[in-house]
Amino acid sequence: MYFCTTMKKETKDTIILYSADVRSILPLPYADEGIRCGFPSPAQDYIEQSIDLNKELIDNPESTFYGRVVGESMKDANINDGDILIIDKSKDPQDGDVVVAFLNGEFTVKTLDLSHKEEGYIQLVPANNEYPTIRIDKEQDFRIWGVVTYNIKKM
């Protein structure tokens, strides 16, 4: 387990990172016909198909990690305290991706803004107006650690 923090005023936003163990198979019952959100449909007596979330959610097992969110800097993007992020280090980050970034010795989860790249900087944008946008230029110790591919949340 890795423990990494980012600071916001006097409170902390934290992401706790875990390696993804995709060696195990956990087939779960799967409603392949879909679950209707309108009028109810007759229920099946049993479900024969199964789904393995490792296969469904993880494209690159050797470069995928889980991260548990602690903090509120991305709450308006529906990334909340306690959510589990699936992070792929092999993905090429694109403008608008939610990324885990390493900045000046600390990790943070933000939206990547590449619109100022021609001007010599990029930005990490929070999804909570109580947090400032972070401007990144070449003087800073910065790298994108991974791209968030899924957000798992408790209902």
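Predicted model: local features only at pLDDT ≥ 70, side-chain atom pairs only at ≥ 80, totals over all residues.
**Notebook: strands, rings and cores**

I started with strand S10, where I found Ile136 as the bridge partner of Ile122.

**Strand partners.** Next I looked up how S10 is attached. Strand S9 (residues 122-125) and strand S10 (residues 134-136) are joined by 3 bridges and run antiparallel. How many bridges join S8 to S9? I found 3, and this pair runs antiparallel. I also noted Thr111, which stands opposite Val125 in S9.

**Aromatic rings.** Then I went looking for ring pairs, and the count came to 3 aromatic pairs. I took Phe65 and Trp145 to begin with: their ring centres are 5.1 Å apart.

Phe65 comes out at 13%, so I put it down as buried. Trp145 has 11%, so it counts as buried too.

My next pair was Phe102 and Phe107, with ring centres 5.0 Å apart. Their planes are at 65°, so this pair is edge-to-face. I looked up burial here as well, and both Phe102 and Phe107 are buried. Putting the pairs together, I got a cluster of Phe65, Phe102, Phe107 and Trp145.

While on rings, I also spotted Arg135 lying over the face of Tyr121, at 3.6 Å from the ring centre.

**Cores.** Which residues touch the most other members of the largest core? Out of 16 residues, I listed Ile15, Leu85, Ile87, Val100, Phe107, Val109 and Trp145. Strand S2 (11-19), S5, strand S6 (84-88), strand S7 (98-103), strand S8 (106-113) and S11 each supply at least two residues of this core. S7 gives the most, with 3 residues.

I also found a second, separate core of 8 residues. Among its members are Val99, Leu103, Ile122 and Val147. That brings me back to Ile122, the bridge partner of Ile136.

Methods:
Residues numbered from 1 in each chain as written. Heavy atoms only, no water. Phe/Tyr/Trp six-rings, centres within 6.5 Å; stacked < 30°, edge-to-face > 60°. Buried < 20%, exposed > 50% of the residue type's maximum accessible area, 1.4 Å probe, protein only. Lys NZ or Arg CZ within 6 Å of the ring centre and 35° of its normal. Core = buried A, V, L, I, M, F, W, Y, C linked by side-chain atoms within 4.5 Å. Helix = DSSP H or I, 4+ residues; strand = E, 2+ residues; numbered from the N terminus. Pairing = 2+ DSSP bridges.
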